[in-house]
Amino acid sequence: MKLSILKGHAVLWAILTGAFALVLTNSAFNLLLPYFVQHYDISTTAGGWIIVLYMLAMTLTMPMASLIVDRLGRKQTYMLGICLYGIFSIIGALFHAYFEVLLIVRFMHGVAAGLMIPLSLVLLFDYYGMEVRGRITGAWGMLLMLAPTAGPTLGGFIIEYGRLEYLFWLNVPFAVFSLILCGSYIQVYLPARRKRWHLSSMVLLIGGIGALSLGLQLYASPIVGSGVPWSLMAVGIALLIRFIQTENRRKEPLIRYQLLRRNRVFPLTVLISTIQDCVMFGVIFALPLLFQDVFHMSPALSGALFIPLSICTSLFMWIGGSLMDRGRSLQFIAWGTALVAFSIVSFAFLPLNTSLIILVMLMACRGMGVGLSGMSISALGLQALSEEDMHEGSALSV
C-alpha cells in the first residue's frame, strides 16, 4: 500500500525533491552570512552579494524561462535546472575555499532556481485536477517547508562542528534522485517554438535588473555617494519600463504582460505575492543578523529558531489548501497576511533582554501567516489562467 501511494504521487516527489534541495541550501546560506564575513575576511556588504547574486540570477532567469520552455518544453527545462544545480554544487564543494568561486556557484544556483521555481507548481497542476489542487499545493508547501527547518539548523551545525563543503555535497543526492524521478514519471511536453530571441530585449532586461539590483546593494555602502545608487536604480527602472514597452509590441513577447489584463484575479494575486516576496527576502536577510549580532546567539541556536517557523508554515499551508478545495471563504488569506505583518513589526521593537520563548512565538506567528497566505495566493492566481499560460503566469507571480 505504501509503495503504491509513493508511486501514485511520484510526480509530486519528483518536483518536491528538486525544490527541497534549492530551499535547503538557500536557507542555510542566509543564516551563514556572519560566518562568511569572518571566514573570507570581507565586509558585510561584500558578504551580502552571496545572497544578492542568488536573487539577481533568479530574477534574471525567470523572465527567460518562458523562452527556454518554448524551445525545450516544461519537463526538459525543469530537468535542466536540476542538472545546473547539481553540477555547480559539486564545483562549490571542490573549490569552496575561493570566495569568487562561491559567488559564481551562488549565481548559477539562482539560475537553476529561476528555471525550476516557475515550473514547479505548473507541472503539478498539469498532473493533478482542479478538485485537489489546493491540497496538493498545501502538501507541496508543507513538505517543502522541511527545508527551511533543516537548512539553517544544518548550516549552523556544519559551521560549528563540520566543514562548509558538506553543505554542497548534500545537494548532489537530492539532485540525482529528482532527475531520475522527473525523467521517469513526468510526461514529455512538446515545445511550442513560437517565441524568438531578441538581443535588444535581453540587453534591456539584463541591464535593467542589473542596474536596479546594484543600486539597491550600493545604497548601504559607506564608500559610495548617495547619488550613485539612486542613479543606478533610476536607470534600472527606466530600462525595465522600456523592456515592457518593447515586448508588448511583439506578437510573442518574452513574458505575456497582457495576462495581467485578462481577469481581475491574477493581477491582484501578483501584486500581493510581490509585496510578500519583498518582505520575505528582507526578513530572511535581517533575521540571522538580528539573532547573532544583536541577541548574540550561536549559529546553531539561530538556525533552531527557524524550526517553529517552518513547522507552522507547513501545517497552515495544508490547512489553507484544504479550505480552498472545500470552497470555503478566502478570508483566511487576509488573516495570514495580518499575522505576517504583526510578527515583522514586533521584531523591530524587541528589547535586548527578550526571552527565547517570545522569539519562538513570533517565529511561529510568522509561519502561520506565511502558510495561510503565501502558496494560497499563488495557487489562486495560476488557476485563473488557461493551462497553456500557466508557466508564463508563474514567472510573473514569483
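This is a predicted model: local features need pLDDT of at least 70, side-chain atom pairs count only at pLDDT 80 or more; totals for chains, interfaces and linings use all residues.
## A buried cysteine

Cysteine 182 is buried, with a relative accessible area of 0% (buried means under 20%, exposed over 50%, partly exposed in between, using a 1.4 Å probe and protein chains only). The structure holds 0 disulfides, a disulfide being a pair of cysteine sulfur atoms within 2.5 Å. For cysteine 182, the nearest cysteine sulfur belongs to cysteine 83 and is 9.7 Å away. Cysteine 365 is in no disulfide either, with the sulfur of cysteine 312 the nearest at 8.9 Å. Cysteine 365 is buried, at 11% relative accessible area.

Residues are numbered from 1 along each chain as its sequence is written, and side-chain values use heavy atoms, with hydrogens and water left out.

The chain has a mean pLDDT of 77, and 76% of its residues reach 70 or more; pLDDT is the predictor's confidence in each residue, from 0 to 100. Over residues 1-6 the pLDDT is below 50.

## Aromatic pairs

You will find 3 aromatic pairs here (ring centres of Phe, Tyr or Trp, its six-membered ring, within 6.5 Å; planes under 30 degrees apart are stacked, over 60 edge-to-face, the rest tilted). Tyrosine 40 and phenylalanine 99 form a tilted pair, with centres 5.4 Å apart and planes at 50 degrees. Ring pairs join Phe36, Tyr40 and Phe99 into a cluster.

Phenylalanine 291 is buried at 0% relative accessibility, and phenylalanine 347 is buried at 9%.

How values were computed
Contact means heavy atoms within 4.5 Å.
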